[in-house]
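Dear colleague,

Please find below the structure that I am handing over to you. My notes on what was found in it follow directly after.

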Amino acid sequence: MHALSSTYARIRELKCEWVPVSDMSDAIRKRSGRADVIDGEAVAEQVRAEVADAVEQLEAAGVTPGLATVLMSDDPASETYVRMKQRDCAEVGIESRHVEIDTDAPQAELFDRIDELNAEDAIDGILIQRPLTESVDEPAALRRVDPEKDVDGFHPENVGRLVTGDPRFVPCTPLGIQRLLLEADVEIPGSDVVIVGRSELVGKPLANLLLLRGKGGDATVTVCHSKTDDLASHIGRADVVVVAAGVPELVTDEMLTPGTVVIDVGINAVGEGDDRELIGDVAYEAAAETVDAITPVPGGVGPMTRAMLLRNTVVSAARKADIELDFD
Ligand code: NDP
């Protein structure tokens, strides 16, 4: 059921007992007794190549796509994320602009800078790096972004469009998850998808995305959360389980059944010093002995989130310039 897009080297890196992709088959999976690994790095690379190609199409029409990142926070992790996004832009030919605002500046300064970016023709996408410093009304800041440049898909207008079946910008993590499922040949229409987590960032937009009619949609979606009664019973009957709870190894192999596809969104730093590592919301090693396919952490959803931001940016540039991209 799942055609993997990973390379032999990558599979070895992930410590799976696999043979080259060219030899991939159900028989091999049975022999190894392990799940297929859905390789987010490989799919993200593919998305970046598509974006680079789209940038060339735009350049040929005299358009250079531009993404602005806005940081108003002292959080070192946020600073790193912004730097990574700038690097991603450079790699595919998107111009990036960084706006940094002192955390003790008044909120009005942030809003003024957003207004300037909204008005600037060279900017096609605006990303407000969250969390913003505490003194700022974050929802108000997200509402300030021109919905036509809201490549993160957080503006209420874009949220509403997704919910009403007329999406413009869809948040990058759900978009990346959908693409991973499609690349892994998961038959989404009609499948029973259980999402653990109901955040505005992941759970809710993913549910709405998978409910849309057509390719990549038409799923039967259940959204679970911390008040859900008997989480295991929901997970146990699912064809696809997406876990975005931010709880290390919340989902264990006892909850999962063979044949399930697992997408682990969680990123949890555990341990100290040299023992510090990133783990997901799924107990990976045991789960990989049970299910049909699984995303690793790191190397699963994370790279897809970054790649989809680039994709949303070129789509925005093309839309603004009324250029039809040879995309998809
Ligand atoms: P939030 O904290 O906003 O939401 C977590 C959700 O999980 C909530 O709906 C919460 O329920 C639910 N939840 C928490 N504990 C349980 C539990 N024991 N059982 C069932 N549901 C539970 O997190 P985010 O959605 O922002 O992020 C989730 C995880 O995904 C984090 O680890 C984050 O780092 C990661 N992430 C990764 C991304 C990537 O690109 N790989 C992108 C975005 C996030 P309730 O609503 O009732 O509180």
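This is a predicted model: local features need pLDDT of at least 70, side-chain atom pairs count only at pLDDT 80 or more; totals for chains, interfaces and linings use all residues.

Residues are numbered from 1 along each chain as its sequence is written.

Helices (H or I, at least four residues) and strands (E, at least two) are DSSP runs, numbered from the N terminus. The buried residues of α5 are Leu110, Ile114 and Leu117. They lie on the same side of α5, because they cover an arc of only 60° around the axis, the arc being that of the directions from the helix axis to the C-beta atoms. On the other side of α5, Ala108, Glu116 and Ala119 are exposed. A residue is buried if 20 or more other C-beta atoms lie within 10 Å of its own, exposed if 12 or fewer, and partly exposed in between, with C-beta atoms placed from the backbone.

**The sheet**

An open sheet is formed by six strands in the order β1-β11-β8-β7-β5-β6, with parallel pairing. At its edges stand β1 (36-37) and β6 (220-224), each with a single partner strand, so one side of each has no neighbour in the sheet. Two strands pair if DSSP finds at least two bridges between them. Strand β8 (residues 261-264) is joined to strand β11 (residues 293-294) by two bridges, and isoleucine 294 in β11 is the bridge partner of valine 262.

Yours sincerely
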